[in-house]
Amino acid sequence: MATMNMLQAINNALDIAMAEDEKVICFGEDVGIFGGVFRATSHLQEKYGKARCFNTPLVEQGIIGFANGLAAQGSVPVAEIQFADYIFPAFDQIVNETAKFRYRSGDLFNVGGLTIRTPYGGGIAGGLYHSQSPEAYFTHTPGLKVVVPRNPYQAKGLLLAAIRDPDPVLFLEPKRLYRASVGEVPEEDYQLPIGEAEITKEGTDITVVGWGAQMEVIGKAVELAEEQGIACEVIDLRSLLPWDADTVAESVFKTGRLVVSHEAPLTGGFAGEIAATIQERCFLYLESPIARVTGLDTPFPLVLEKEYLPDHLKIFEAIRESVNF
C-alpha cells in the first residue's frame, strides 16, 4: 500500500474515476491548473484536459445548477464547493432540484450521477465563514446521500463509491485532516459501502458515535476512559443519509449507554436525530440518558475556537457521567 494523506487519497480517487469513465467531469472554483484551494484536484487538468477539469465563476448556485444539467444529460459531474460555509447560495439547487429530480419525473430522468465535494468543519482558525459543519441542513432532505470520511483510506473508498452511486451524494471532507490524517491506502481501485457504519473499537460499557474529524477526538477521549476501566464501543457512522441505525441500536442494546458527538451546534444537530431514534428502539435497555457533546449554539468563533469545539475532555466527561449515572 501507499502512504497518503487525505488530500492525496481524494486526488487519487478522482484520478481513478476520471481514467475509468470519460463522463466524469470535475469543476469548481480554482480547481483547474491551480488544483483547488487545498490542491485536491492537482494535476487533473494537465492529465485530462480543460474540457474535463475546469474553473467556474464564483457562483455556487450556478455551479450546482450547471452540475444538475450535466447529470440530467448523462454526465458524471463532481462539483466542488470551495468551503461548506459557501454552499448556502446553492441550497435551493441542491434541495429543490438535485434531491427531487428523480421523484418529480417518476424516474424518467435523474441527476444520480452528481457528487458534490466540499470541505467542512473547524480546527484551522478559519473563523465563522470557513469553519461551519452544515450536514444537518442536508440530512433533512430525502433524495440526497450525505457521506463523511474520517481518514485517507475511508476518503478514497467512499468517494469512489459516491461518484458511482445511483443517487446524488454530498461528500463532506474534514479539512483539518486534509494533511494531518496520514495512513496506508491501496493504490488500486476500491469502494466502501455507503450507508454502513463501522465499529472501530469494541466495548461493553458505553457506545460513542461520531463521524469525520470528530472520530480522532473521540479516540483521545476513549483512551482516557479506558484508563479508568471504562470499555467504550466506538462507531463511525461514515454516512449520515442514510445512517446505519441498526448498527448503533445493536451496540446500545449491549452497552446500555450512548454518547454522540459532532462539531455542529447542539440545537437541530444530527445527534438529536440519533438520540431520538435510539431512545425509541432501545428505551428499555438504556442505563442513562443519551448524551450529546457538540459545538455551541453560537456562530463559530475565531479567538474562542478551542472553547467552542467539543474536545476530548468534554467527551470524556460525558462518558464518565453516563457510566456513573
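Ala213 touches Tyr120, Pro174, Arg176, Leu177 and Glu263, residues up to four places away in sequence not being counted; contact here means heavy atoms within 4.5 Å. Ala213 itself lies in the loop between E10 and helix H8 (214-227). Helices (H or I, at least four residues) and strands (E, at least two) are DSSP runs, numbered from the N terminus. With a relative accessibility of 2%, Ala213 counts as buried; buried means under 20% relative accessible area, exposed over 50%, and partly exposed in between (1.4 Å probe, protein chains only). Between the C-alpha atoms of Ala213 and Arg320, which are 107 residues apart along the chain, the separation is 22 Å.

The model is a predicted one, in which local features need pLDDT of at least 70 and side-chain atom pairs count only at pLDDT 80 or more, while totals for chains, interfaces and linings use all residues. Residues are numbered from 1 along each chain as its sequence is written, and side-chain values use heavy atoms, with hydrogens and water left out.

**Asp205 and Thr255**

Asp205 is found in the loop between strand E9 (198-201) and strand E10 (206-210). Its relative accessible area is 24%, so Asp205 is partly exposed. When neighbours within four places in sequence are left aside, Asp205 is in contact with Gly229, Ile230, Ala231, Thr255 and Arg257. Asp205 and Tyr308 stand 103 residues apart in sequence, and their C-alpha atoms are 28 Å apart in space.

Thr255, one of the contacts of Asp205, is placed in helix H9. Thr255 counts as buried because its relative accessibility is 5%. Beyond its neighbours within four places in sequence, Thr255 is in contact with Gly203, Thr204, Asp205, Ile206, Thr207 and Glu233. The C-alpha atoms of Thr255 and Glu287 are separated by 8.5 Å, and the two residues are 32 residues apart along the chain.

| Residue pair | Separation in sequence | C-alpha separation |
|---|---|---|
| Ala213 and Arg320 | 107 residues | 22 Å |
| Asp205 and Tyr308 | 103 residues | 28 Å |
| Thr255 and Glu287 | 32 residues | 8.5 Å |

**Backbone geometry**

The peptide bond from Leu241 to Pro242 is cis, its omega being near 0 degrees. Pro242 belongs to the loop between strand E12 (239-241) and helix H9 (245-255).

Asp107, a residue other than glycine, has a positive phi near 70 degrees. Asp107 is located in the loop between helix H5 (101-104) and strand E5 (115-120), and a relative accessible area of 46% makes Asp107 partly exposed. Ala125 likewise is not a glycine, yet its phi is positive, at about 55 degrees. The loop that holds Ala125 runs between E5 and helix H6 (135-139). Ala125 counts as exposed, at 52% relative accessibility.

**Cysteines**

How many disulfides are there, if a disulfide is a pair of cysteine sulfur atoms within 2.5 Å? The count by this rule comes to 0. Cys232 is in no disulfide, and the nearest cysteine sulfur, that of Cys282, is 17 Å away. Seen from Cys282, the closest cysteine sulfur is in Cys232, and 17 Å is too far for a bond. Cys232 is buried, with a relative accessible area of 0%; Cys282 also counts as buried, at 0% relative accessibility.

**The chain as a whole**

The chain contains 12 helices and 14 strands. Its radius of gyration is 19 Å, close to the 20 Å that the globule rule gives for 325 residues, so the chain is as compact as a globular protein of that length. This radius is taken over C-alpha atoms, and the globule rule is 2.2 Å times the number of residues to the power 0.38. The C-alpha trace spans about 60 × 40 × 40 Å along its principal axes.

Of the 325 residues in the chain, 58% are buried. Among contacts between residues at least 6 apart in sequence, 82% join residues at least 24 apart. The accessible surface (Shrake-Rupley method, 1.4 Å probe) comes to about 13,600 Å², and 53% of it belongs to carbon and sulfur atoms.

Technical notes
A disulfide is a pair of cysteine sulfur atoms within 2.5 Å.
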